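Subject: Structure for you, with notes

Hi,

Here's the structure I said I'd pass along. Have a look at it first, then read on for what turned up when I went through it.

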Amino acid sequence: MTETFAARYGPWALVAGASDGVGAALSEQLATRGVNVVLLARRADVLGELAAGISERTGAATRTVCVDLADPEATRQIIAATADLEIGFLAYCAGADPRFQPFLDTPIADAEATVQRNCLVPMRLCHHFAPSMVQRGRGGIMIFGSGAGFAGGPNMVAYGATKAFDMVFAEALWAELHDKGVDVLGLILGKTDTPSLRRLEHARGLLSSEDETPPDAAPVDDVIAEAFENLTAGPTLMVGEQMRATYQMMGSLTRNETVRLMAQAITASMGGDR
């Protein structure tokens, strides 16, 4: 008999960064597959509305946890809020950079918060939840990364560095856990049509409104579909044809050439501003 998705990855999933974009879509799809979902983000009102809608549409149970992942106490709060649940699936979708500013023009506290949110919290959550998955011999972990982690580039100094960490962390975790029944997948996303990207590009004058779709941005539903299709094919998935082509092209360059290309591409996307 084929094992169902819920039997392998349930009964509960924890989705960090669930309020919109990739996290919201992933939460909905997990619930559709019969897994109850803990939705984690900062905005209580948005989470409550999303959780109610998911439960109504899918019949899955939901729980909301309102936590600022940049808070040093975030991991402790999350663990306490889920202590009575069996978490069989962990997805870390948080960590977008809403500022896109030069490193020296922003407070160092912003960079430290990015490291906390993108590196320390997912590492701590995996260290807490993965042992039970290993003990049960089943479970899944998804860590959403970014092509920003391929090489250093302007206006995303700390962000790009944290995404490089996420990529290698997911790969190393897969190396240790995939033969213990726990599927680990690190997803490297390119430009994705999320509310945060729309806000950023509108603020930079690249979109006429936040209702406009950014050019060349991958639809969220396509990203989530690829994620589920490749869950057992870790450790790393380059999401979308554009990202796969970019990664393949970078493989023909030296490290220094890759960094220069990244810098040029980001500068061009900013309209030539530095």
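R33 lies over the face of F5, at 5.8 Å from the ring centre. The charged end of R33 also sits over the ring of F228, this time 3.9 Å from the centre. Bear in mind that this is a predicted model.

F5 and Y9 are both in helix 1, four residues apart, which means about one helical turn separates them. Y9 is buried, at 4% relative accessibility. F5 also pairs with F89, with 6.4 Å between the ring centres and 45° between the planes, so that one is tilted too. This second pair ties together distant parts of the chain, since F5 is in helix 1 and F89 is in strand 4, 84 residues apart. F89 has a relative accessible area of 0%, so it is buried. Taken together, ring pairs join F5, Y9, F89 and F228 into a cluster.

F228 brings us to helix 8, residues 220-229, where the buried residues are V220, V223, I224, E226, A227 and F228. What do they pack against? The partners are helix 1 (5-9), helix 2 (21-32), strand 5 (139-146), strand 6 (182-189), strand 7 (236-238) and helix 9 (241-250).

Helix 2 deserves a look of its own. Its 12 residues reach 17 Å from first C-alpha to last, close to the 16 Å expected at 1.5 Å a residue. Of those 12 residues, 10 are buried, so helix 2 is largely enclosed by the rest of the structure. The buried set is G21, V22, G23, A24, A25, L26, S27, E28, L30 and A31. Just after helix 2, G34 has a positive phi of about 90°.

Now the nonpolar packing. The largest nonpolar core has 35 residues, and L26, M142, F144 and L187 have the most contacts inside it. At least two residues of this core come from each of strand 1 (12-16), helix 2, strand 2 (36-41), helix 3 (44-58), strand 4, strand 5, strand 6 and helix 8. Helix 2 gives the largest share of this core, six residues. Setting aside residues up to four places away in sequence, L26 touches V15, A91, C93, M142, F144, I224 and F228. Another core, of 29 residues, lies apart from that one, and V38, A74, A130 and M133 are among its members. As background, nonpolar side chains in soluble globular proteins tend to be buried together.

T75 is in helix 4 (residues 74-81). Is T75 buried or exposed? Its relative accessible area is 8%, and the cut-off for buried is under 20%, so T75 is buried.

Q101 is in the loop between strand 4 (87-92) and helix 5 (108-136). Its relative accessibility is 41%, so Q101 counts as partly exposed. Leaving out neighbours within four places in sequence, Q101 is in contact with T106 and N155. Q101 and N155 are 54 residues apart in sequence, yet their C-alphas are 4.6 Å apart in space.

Cheers

Methods
Residues numbered from 1 in each chain as written. Predicted model: local features only at pLDDT ≥ 70, side-chain atom pairs only at ≥ 80, totals over all residues. Heavy atoms only, no water. Buried < 20%, exposed > 50% of the residue type's maximum accessible area, 1.4 Å probe, protein only. Contact = heavy atoms within 4.5 Å. Expected span 1.5 Å × (residues − 1). Phe/Tyr/Trp six-rings, centres within 6.5 Å; stacked < 30°, edge-to-face > 60°. Lys NZ or Arg CZ within 6 Å of the ring centre and 35° of its normal. Core = buried A, V, L, I, M, F, W, Y, C linked by side-chain atoms within 4.5 Å.
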